[in-house]
Amino acid sequence: MLTRKMYGLLVDVSLFMEPLGFVRVLEWIFSIFAFATCGGYKGATTILVSCQGAINKTATAVFAYPFRLNTALFSAPNPTRCNSTWTDTYLVGDFSSSAQFFVAVAVLAFLYCIAALVLYVGYMHVYRSNSKIPLTDFVVTVIGAFLWLVSTSAWAKALTDIKISTGLSIVPEIAACQVPGSTCLFASVTSMGGLNVSVVFGLLNMMLWGGNAWFVYKETTLHNPPNTASQHPGIYPTPSGI
């Protein structure tokens, strides 16, 4: 057993080389990437507007986490607002519930991994001597895998809708673009590669938590029942000699 003494506490660093500790470290790292790639996103969608007094002027709507697109207002293409024909125009859709659910699961997973790693490294003797702690760890790990599955699925669906709501299909929905003498062309939208990566990390976290449930299960009394015979030697009669 490889140990180090830190602040008076005997730390078993060899647990990082065992599946139980190593996978939990991966969960901790991947949860950071999951909420960082989703929660740190900021983008914009731009259209080119030609109308009275303006030719190929840009109108831009900026959006970011938590993706309440219905609050993202397009800027006016020119100071006269196309001779007053340009009205306030917003993107469509509110995807905040799915995005915030995904980030909340990632943050909770991050915090739980920290607590679990502290327990594994500094108090493994307590972990293995109290049967309730591994069982609780197992239940939380199974629930965590389920939450990653649900939140990632919801976020992946929301991301698909976000791409539609900020893409080429927005032009026909803008009333000011339907005014005679006005034309609008879709110009660009910020790359959502980082959001795609967040979905990948969500799936990886789901697999890690699901796989780690087996290693945690092996620490419980469900897999290793206590030896009642050795704990209560007097309950069995002593065999008589022949």
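## Exercises on a predicted model

Buried residues make up 38% of the 242 residues in the chain, and the model from which this value was computed is a predicted one.

**Exercise 1.** Describe the secondary structure of the chain, and state how its elements run from the N terminus on.

*Solution.* Begin with the count, which comes to 7 helices and 5 strands. Then read the elements from the N terminus on, where the order is β-β-α-β-β-α-α-α-α-β-α-α.

**Exercise 2.** Find which residues make the nonpolar surface patch of about 730 Å², and which helix gives the largest share of the patch.

*Solution.* The patch is made by Phe101, Leu135, Val139, Ile143, Phe146, Leu147, Leu149, Val150 and Leu222.

**Exercise 3.** Describe how helix H3 and helix H6 cross, and name the residues that make the contact.

*Solution.* Two packed helices are described by the angle between their axes and the distance between the axes. For H3 (residues 96-122) and H6 (residues 193-217), the axes come within 12 Å and cross at roughly 35 degrees, and the crossing is left-handed. On the H3 side the contact is made by Phe102, Ala109, Tyr112, Cys113 and Tyr120, and on the H6 side by Ser198, Gly202, Trp209 and Val216.

Notes:
Residues are numbered from 1 along each chain as its sequence is written. This is a predicted model: local features need pLDDT of at least 70, side-chain atom pairs count only at pLDDT 80 or more; totals for chains, interfaces and linings use all residues. Side-chain values use heavy atoms; hydrogens and water are left out. Patches are made of residues with over 30% relative accessible area and no salt bridge: like charges are joined within 9 Å, nonpolar side chains (Val, Leu, Ile, Met, Phe, Trp, Tyr) within 5 Å. Accessible areas come from the Shrake-Rupley method with a 1.4 Å probe; for residues, only the protein chains shown count as cover. A salt bridge is a side-chain nitrogen of Lys or Arg within 4 Å of a carboxyl oxygen of Asp or Glu. Helices (H or I, at least four residues) and strands (E, at least two) are DSSP runs, numbered from the N terminus. Buried means under 20% relative accessible area, exposed over 50%, partly exposed in between (1.4 Å probe, protein chains only). Axes are lines fitted to C-alpha atoms, for helices over the stretch in contact, and angles run from 0 to 180 degrees between N-to-C directions. A crossing is left-handed if the near helix is turned anticlockwise from the far one by less than a right angle, and right-handed if clockwise. Contact means heavy atoms within 4.5 Å.
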